[in-house]
Amino acid sequence: MKVKALRLRDFRNIAGLEIEPCETVNIIYGENAQGKTNLIEALWLFSGMKSFRGAKDAELVRFGAERAGLSLRFESGGREQEAKLTVTNRRTASLNGVGLSSPTGLIRQFRAVVFAPSFLSIVQSGPGERRRFLDTAVCQTLPAYPKILTEYQRLLKQRNAALRDPKAESRLEELLDVLDIQLAAAAETVAKARIGYLEKLSPAAEAVYEGLSGGREAISFLYRTRFGNDNGTYLEQLAAHRRTDILSRTTNVGPHRDDLEICISGASARLYGSQGQQRSAALSMKLAEAAVLHNETGEQPVILLDDVMSELDARRQDYVLNHIEDRQVFITCCDPENFKRLTGGRTFFVKEGSVF
Ligand SMILES: Nc1ncnc2c1ncn2[C@@H]1O[C@H](COP(=O)(O)OP(=O)(O)OP(=O)(O)O)[C@@H](O)[C@H]1O
Ligand SMILES: [Mg+2]
């Protein structure tokens, strides 16, 4: 996957621009609030997903303008394609001149992986973020997964409703006997899919992290069920926690409570990691996500790295700049010092929404 040209009109603070990036590393630099992240955001929107900043569509249109127009020429599967997006208070998309019923039609056409500073929450915050990461990533590689996850959530909701229903009290145990068998089966399927994905992600992330740290540190992952991995199956766990569940009127075990533990040289990255280590961990997971996508689809996704350089030392910056082999990368940064170690590639200077 290679971006050949990007054209923007009335997008965020960008009145109009056209860039032709190179096929390797593209550096987008400039002072704060000039439009660097806006450029990355524009590229990301062609993945068919929502803005990684959680922006509403209307917020993407330049103040005072009626609509934003984005157009992308890219190479995928050996042929050149053109995608277009028009944004008002909603988005419409076309691919090679044919209108799509929804921008999500671009998913699987243009593939990108984005790292934004907010992704650090994968390391820093609670387990919910990590479960979401796993679930989204599994969806990309296992098309049946959304259905599996929805089924688990449906059964979980049903079980929680039964736990809360005073009318169900007299036959609650019988009801749970039946529900628990179904819920446990769905739970095993969800966990198996997540662990399966993690087994593909881990070796790729380990390799990136080793490169980033110059072999001084190692990253490792562990899928952790709420009450320890050695305490039997989900069905046994549900049975063991039935009393607690009845008292607390909610289901305390299952994939909705599981976590993904991220460790650096054996210690929890969340509890003990330094800023640079946490950033390196999150970055290696994103680059590993790209490696898995490449293996599964045969196509390298475009890598978008917003503000990844800050907090990384010279060695780690050098790795980011010069070791993301045969992929096209876009990196934003403020300080030109950050890319003086770049060999090859192209640089774009952004000022007040224009590129020089
Ligand atoms: N819809 C919009 N219309 C006009 N300007 C906008 C719109 N949305 C955002 N902006 C402006 O775009 C500017 C640049 O935003 P952007 O996030 O790209 O900056 P940046 O270059 O990444 O800066 P930083 O280095 O601080 O991350 C901001 O000043 C913001 O006010
Ligand atoms: Mg920015």
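Predicted model: local features only at pLDDT ≥ 70, side-chain atom pairs only at ≥ 80, totals over all residues.
Residues are numbered from 1 along each chain as its sequence is written, chains are lettered from A and ligands numbered from 1 in the order in which they are written, and side-chain values use heavy atoms, with hydrogens and water left out.

**Exercise 1.** Determine the strand order of the six-stranded sheet and its edge strands.

Solution. Step 1: helices (H or I, at least four residues) and strands (E, at least two) are taken as DSSP runs, numbered from the N terminus, and two strands pair if DSSP finds at least two bridges between them. Step 2: the order is S8-S12-S13-S3-S14-S15, in an open sheet with mixed pairing. Step 3: strand S8 (112–115) and strand S15 (354–355) are the edges, each pairing on one side only. Step 4: within this sheet, S3 (residues 25–29) and S14 (residues 346–351) run parallel and are joined by four bridges; Asn 26 has Arg 346 of S14 as its bridge partner.

**Exercise 2.** Describe the three-stranded sheet and the helices that lie on it.

Solution. Step 1: this open sheet has the order S9-S10-S11 and antiparallel pairing. Its edge strands are S9 (219–224) and S11 (267–268). Step 2: S10 (residues 259–264) pairs with S11 over two bridges, and Cys 263 stands opposite Ser 268 in S11. Step 3: helix H5 (residues 172–212) packs on the sheet and touches S9 and S10 (contact means heavy atoms within 4.5 Å), its direction making about 170 degrees with that of S9. Angles run from 0 to 180 degrees between N-to-C directions, with axes fitted to C-alpha atoms, for helices over the stretch in contact. Step 4: H3 lies across S9 and S10 at about 100 degrees to S10.

**Exercise 3.** State how the two domains are bounded and how they meet.

Solution. Step 1: domain 1 comprises 2–111 + 299–355, and domain 2 comprises 123–269; such bounds come from an automatic or database domain assignment. Step 2: their C-alpha centres lie 34 Å apart. Step 3: five residues of domain 1 are in contact with 11 residues of domain 2.

**Exercise 4.** Identify which elements and domains line the largest pocket.

Solution. Step 1: a pocket is an open set of points on a 1 Å grid over the protein atoms alone, where a 1.4 Å probe fits, with protein on both sides within 12 Å along at least five of seven lines; lining residues have an atom within 4 Å of a point. Step 2: the lining has 25 residues, with Trp 44, Phe 52, Phe 119, Thr 136 and Lys 286 nearest the centre. Step 3: S8, H2 (121–124), H3 (127–141) and H9 (275–297) each supply at least two residues, and H3 gives the most, with six. Step 4: domain 1 and domain 2 each contribute at least three residues to this lining.
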